[in-house]
Amino acid sequence: MSKRLTFAALFALVGMAPALATDKETPKKDKPALLLRLAALEHLRGDFRYLAEVVGAAEKAKRFEEQIEEFLTSKLGEKGLRGVDAKKPLGAYGWIGSTGIDSSIVLLLPITDKKAFLALLSDVLEVKPEKGEDEVYTINVENVPFPVYFRFAKGYVYVTVRDKEVLDKDKLLPPAEVLPADWKDALSLTVNIDQIPDNLKEMTLGALENKLADLKEEEASGHTEAEKKFIEAAIDEYGAFLKSLLNHGSEAILRLDLDRKAGDLSLTVSVAGKPDSPLAKRIHDLGQVKSLTASLGQKDAAISGTMNVSLPKKLRPLMASALKDIEKQALAKAKNKSERDLRAVLIETVMPTLRVAELDMAFRLQGPNDKGLYSLVGGAKIKDGAKWESSFRKLLTHDPKVDLQLDIEKVHGVGIHRVTLKKVDANTRRLFGDNPLYLAFRKDLLLFSGGDNGLELLKEALAIGPTKSKVWELQMSLARVAPLFHDSTHGDIARKVFGDDKDGDHIYASMEGGEALTLHLSLKAKLIDYLIRVGKAKKAKEK
């Protein structure tokens, strides 16, 4: 399969691009289009100090804070940001106008004392707020084309530019609604997609259609007619999903947080569909998918990963036609009859699985153990495991490069085959030792393993069954992965940074469906120190 066709297929294989209706709805002005939440200044200062200490820059951070304080003192006096409450969170909310520039935004700044805050403006910043009869203050700032308005309410000062009416008492959002008590993130941004004006959505969709048309033209060149039809349909499905986000999305949320106690940095992005919409149903269905292989990807490993996606049903016939062309091309490029026969066997074995258009696979790399060796186990869902096993026997029985031992053991009625490579490079031997590979074929699953504990891992894997899974999931322990690199520097730095802290080096990422389509990334703060040190070591070697 060509790189271009593979790229287009991956778009569709994500399985999140159903053909959805594009009916329009006029947004109701019952909620803001944007909500921004930011932790208290003292909390953010604590996060800054924590990260500085983690990366060994506590003294630099201290000097930086002192410089900031000196600057603020020189500009604001000894009392600094008088009247501002550094112990309460900040927020903002706003609406998007039909022209974009007619949008309005309201900032919530926490205060401790109204008079002190007004003194900060008039005596220190030398701006003279004028109080109106409606208790809204006005400031005219030089070189700012619009007046600035603000009002005091419930421990906050509400600030906006140009649109004074958004500060009417009956229009103010209570602080508890913008900054709820159960909100714990350092920063979050919510976009209520259903509050974006239709005309702006149409402009966005128009630009998207032009980009997709260009992509079709670029990707389709150099392919057969069947391949072109599949590529174009896959791009259309991808475009339909993006359009559905605009037309049927309810809210998109970005969250960023630092848990100092656990040492975790996390980023979460999620998007939800309107209730009962095709988008909401599709996202919900993604959260109900079961996988044959997901239980292989346990978290207690050097690296483990799972993926469970499928091609939308309407694309499968087009993919089947494209695969036929690929079969013909592969056979035509064979240099001789022997190679053609080999390719024919592979095609006959693999193509039925590809036509199902479901990618359900997982792997787990364990180690290093006390010998410094790794073990690997993995699997993939297949169609007609008996056919796969028959082809495997046919292709490897007389292969001079391997020593093949069939059915060395049987577990749950499934034969396990040992494959020993006669030539193994030094680096593979360093990581996995002089250990063979193991293969087994269930009727629905191909399983493989290798390394110091390969046989036992494969026996365990033969017992796995369907389990609920995420769209994809990946976890990594950098200290355990570091020995995989040829350069021993990675391992040396990992030992210095993480020491005996077995949980201080993890990276985790996933995508899942359910109530929302959610992308999550978390990592240990110590990883920042590790990456900085690796970068410095690399630069030092390059000099």
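1. A residue is called buried when its relative accessible area is under 20%, exposed when that area is over 50%, and partly exposed in between. Please keep in mind throughout that this is a predicted model. With that cut-off, threonine 190 counts as buried, because its relative accessibility is 5%. Threonine 190 lies in strand β8, which covers residues 187-191, and, leaving aside residues up to four places away in sequence, it touches Ala33, Leu34, Leu35, Arg37, Glu251, Ala252 and Ile253.

2. Glutamine 195 belongs to the loop between β8 and α6, the latter spanning 198-220. Is glutamine 195 buried or exposed? Its relative accessible area is 3%, and therefore glutamine 195 is buried, even though it is found in a loop. The C-alpha atom of glutamine 195 is separated by 9.7 Å from that of glycine 97, a residue 98 positions apart from it along the chain.

3. A nonpolar patch on the surface is formed by Leu36, Leu189, Leu254, Leu256, Leu267, Val269, Leu519 and Leu521, which together have about 550 Å² of accessible area. Two or more residues of this patch come from each of the elements β9 (249-259), β10 (264-273) and β22 (517-524). One of the patch residues, leucine 256, is found in strand β9 and has a relative accessible area of 40%, so it is classed as partly exposed.

4. Helix α2 (residues 41-54) packs with helix α3 (residues 58-76) at an angle of about 145°, the two axes being 7 Å apart. On the α2 side the residues that meet the partner helix are Arg45, Phe48, Arg49, Ala52 and Glu53, and on the α3 side they are Ala58, Ala61, Phe64, Glu65 and Glu69. By type, the residues of this contact divide into 5 nonpolar and 5 charged, with no polar residue.

5. Lysine 154 is placed in the loop between β6 (148-153) and β7 (156-161), and it counts as exposed because its relative accessibility is 63%. Aspartate 276 lies in the loop between β10 and α8 (278-286), and it too counts as exposed, because its relative accessibility is 81%.

6. Which two residues are joined by a cis peptide bond? They are glycine 367 and proline 368, with omega at about -5°. Proline 368 is placed in the loop between β13 (358-366) and β14 (375-381).

7. Turning to the chain as a whole, its secondary structure comes to 16 helices and 22 strands, and its C-alpha atoms fill a box of roughly 95 × 55 × 45 Å along the principal axes. Of the 543 residues, 44% count as buried, while the accessible surface comes to about 29,600 Å², with 56% of it belonging to carbon and sulfur atoms. Among contacts in the chain with a separation of 6 or more, residues 24 or more positions apart account for 68%.

Definitions and conventions
Residues numbered from 1 in each chain as written. Predicted model: local features only at pLDDT ≥ 70, side-chain atom pairs only at ≥ 80, totals over all residues. Heavy atoms only, no water. Patch = residues over 30% accessible without salt bridge, like charges linked within 9 Å, V, L, I, M, F, W, Y side chains within 5 Å. Areas by Shrake-Rupley, 256 points an atom, 1.4 Å probe, with all protein chains shown as cover. Salt bridge = Lys/Arg side-chain N within 4 Å of Asp/Glu carboxyl O. Helix = DSSP H or I, 4+ residues; strand = E, 2+ residues; numbered from the N terminus. Buried < 20%, exposed > 50% of the residue type's maximum accessible area, 1.4 Å probe, protein only. Axes fitted to C-alpha atoms, helices over the stretch in contact; angles between N-to-C directions. Contact = heavy atoms within 4.5 Å. Nonpolar A, V, L, I, M, F, W, Y, C, P; charged D, E, K, R; others polar.
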